[in-house]
Amino acid sequence: FIDPGHGGSDPGAVGLSGLRESDVNLRVGHVIVNCLREYSNAQVMMSREGDTDVSLGARVEAANSWGADRFISVHHNASINRAYNATETYAYYYASKAGIDMQQKIHNRLVEGLGLRDGGTRTAGFYVLRHTSMPAILTEASYISNPYEEARLKDMGYTWREGYYIYLGILDHFNVSP
């Protein structure tokens, strides 16, 4: 289950030039879904296909009722320190061993692929991590508030690579080759 964070009336973080986190998250989410379907013949569901409002409860309910094996929420962070940029990946405080493994493998691929500072694997009580019934993570691949990074996030090739690195991390987690 791929969850592009935010959407609709909730743009998430907004970069200095106006790039909306929700739009970037959706682009990256579509890449992950396409890679999983095309390269791995996986069954995949998304929380949103377009720029729509989907509540946190509805995202979790959709994943739980569909019976998803894994839940990945895609985000891009922001900071008042516009010079800061890093890759961070979150799991729930009490994540399962499978959840921690998925977090570490996807995080490693993002750090290696994007080449940004390693902000670490972290724990949090985010709603989507707390209420899903399957192993779940939330990626903060980079900081949209960093002007250089925001410019890179406008590049379709760059966001395609980000989605592909998440896909490779999923493959690593399931111990399968691309």
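Modeller: Start with a cluster: Tyr39, Trp160, Tyr164 and Tyr167 are linked by ring pairs. Keep in mind that this is a predicted model. Across the whole structure, the search finds 9 aromatic pairs. One of them joins Tyr84 and Tyr143. Their ring centres are 4.9 Å apart and the planes stand at 90°, so this pair is edge-to-face; the cut-off for that class is over 60 degrees. Tyr84 sits in the loop between strand S2 (71-77) and strand S3 (87-92). Tyr143 belongs to strand S5 (residues 136-143). The pair therefore ties together parts that are 59 residues apart in sequence. Both partners are buried: Tyr84 has a relative accessible area of 17%, and Tyr143 has 6%.

Now take Tyr92 and Tyr93. Their ring centres lie 5.9 Å apart with planes at 50°, so the pair counts as tilted. Tyr92 is partly exposed, at 22% relative accessible area.

Next, the setting. The chain has 6 helices and 5 strands. From the N terminus, the order is β-α-α-β-β-α-β-α-β-α-α. Of its 178 residues, 51% count as buried. Among contacts with a separation of 6 or more, 78% come from residues 24 or more positions apart. The C-alpha trace spans about 40 × 35 × 35 Å along its principal axes. The chain exposes about 8,100 Å², and carbon and sulfur atoms supply 50% of that area.

Methods: Residues are numbered from 1 along each chain as its sequence is written. This is a predicted model: local features need pLDDT of at least 70, side-chain atom pairs count only at pLDDT 80 or more; totals for chains, interfaces and linings use all residues. Side-chain values use heavy atoms; hydrogens and water are left out. Helices (H or I, at least four residues) and strands (E, at least two) are DSSP runs, numbered from the N terminus. Buried means under 20% relative accessible area, exposed over 50%, partly exposed in between (1.4 Å probe, protein chains only). Contact means heavy atoms within 4.5 Å. Accessible areas come from the Shrake-Rupley method with a 1.4 Å probe; for residues, only the protein chains shown count as cover. Rings of Phe, Tyr and Trp (its six-membered ring) pair if their centres lie within 6.5 Å; planes under 30 degrees apart count as stacked, over 60 as edge-to-face and the rest as tilted.
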